[in-house]
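Me: I am new to this structure and would like to learn how to read it. Could you take me through its features in turn?

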Amino acid sequence: RSTAACGSSSGGSGAHNPSPTVTSTHKNIHVVTRDSHTVAAGTTVQIGVPKQGAAALIHIGKPKVSRTRLSKSYGYGPAHGYYVTFPVKIFNDGVNPLVIERLDFFVRIAGEGKINTNEGNSPYSGARTQLDTTELTTGQSVSNFLTFDVSRPHGRFVYAPGHKSSVDWTF
């Protein structure tokens, strides 16, 4: 089993480059070959090298913001002011199975720090479905949502497999 973070180093001469290397392979896809890259929500990111080891295409859409519960008939409103719900699409284009852990995704909000989907009233929001831990074999994909309970509807959506930040999407 592998995680999508496997594309985080580029090999080569061993020279240290603190900035991520990004190349555009398609007008809306960015390839991340170093750690911790920032893109806007709505951007698809390639992590790892397709057809080698673990690799994934990850699309984090622009969030929907709500100040009330997410169901008309059940759930609680946000404890901290807002729910931000992101559409998440992940495609395994590597050769190894890819384990997607829900808690590898979180948001960072100024003044609040790191917030995961277990915090505040997120688990009780009334959302219909949420991304859960899953394993994708080569060619498989998953689409679902992640909801966070936050005090401000702006910040960074972070993918950090193994607690190592790989990509941040600003929203």
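Reply: Start with the surface, and keep in mind that the model is predicted. The accessible surface of the chain comes to about 8,800 Å². Carbon and sulfur atoms hold 50% of that surface.

Me: How many helices and strands are in the chain?

Reply: The count is zero helices and 14 strands.

Me: What percentage of the residues in the chain is buried?

Reply: A residue counts as buried when its relative accessible area is under 20%. Here 43% of the 171 residues are buried.

Me: What share of the contacts comes from residues 24 or more positions apart?

Reply: Among contacts in the chain with a separation of 6 or more, 63% join residues 24 or more positions apart.

Me: Which residues of the largest nonpolar core touch the most other members?

Reply: That core has 30 residues, and the ones touching the most other members are I90, V107, F157 and W169. Several strands each supply at least two of its residues, including strand 4 (44–47), strand 5 (56–60), strand 9 (105–109) and strand 14 (167–170). Strand 7 (82–92) is also one of these, and the largest share, five residues, comes from strand 7.

Me: What does I90 touch?

Reply: Leaving out residues up to four places away in sequence, the list for I90 includes A56, L57 and I58, as well as L98, I100 and F105. Further along the chain, I90 touches L131, L136, Q140, S141 and V142.

Me: Now take a single residue. Is L146 buried or exposed?

Reply: L146 has a relative accessible area of 0%, so it is buried. This residue is found in strand 12. L146 and F86 are 60 residues apart along the chain, yet their C-alpha atoms are separated by 5.3 Å. Not counting residues up to four places away in sequence, L146 touches F86 and, among others, V84, T85, V88, F105 and F157.

Me: How much space lies in the largest pocket, and which residues lie nearest its centre?

Reply: The space is about 360 Å³. Of the 16 residues lining the pocket, K64, L70, T85, R128 and F145 lie nearest its centre. By class, the lining has six nonpolar, seven polar and three charged residues.

Me: Which strand gives the most to that lining?

Reply: Strand 6 does, with three residues. Strand 6 (64–66), strand 7 and strand 12 each supply at least two residues of the lining.

Conventions
Residues numbered from 1 in each chain as written. Predicted model: local features only at pLDDT ≥ 70, side-chain atom pairs only at ≥ 80, totals over all residues. Heavy atoms only, no water. Helix = DSSP H or I, 4+ residues; strand = E, 2+ residues; numbered from the N terminus. Buried < 20%, exposed > 50% of the residue type's maximum accessible area, 1.4 Å probe, protein only. Contact = heavy atoms within 4.5 Å. Areas by Shrake-Rupley, 256 points an atom, 1.4 Å probe, with all protein chains shown as cover. Core = buried A, V, L, I, M, F, W, Y, C linked by side-chain atoms within 4.5 Å. 1 Å grid on protein atoms, 1.4 Å probe; cavity = no way out; pocket = protein on both sides within 12 Å on 5 of 7 lines; lining within 4 Å. Points joined across faces, edges and corners; volume = space filled by probe spheres on them. Nonpolar A, V, L, I, M, F, W, Y, C, P; charged D, E, K, R; others polar.
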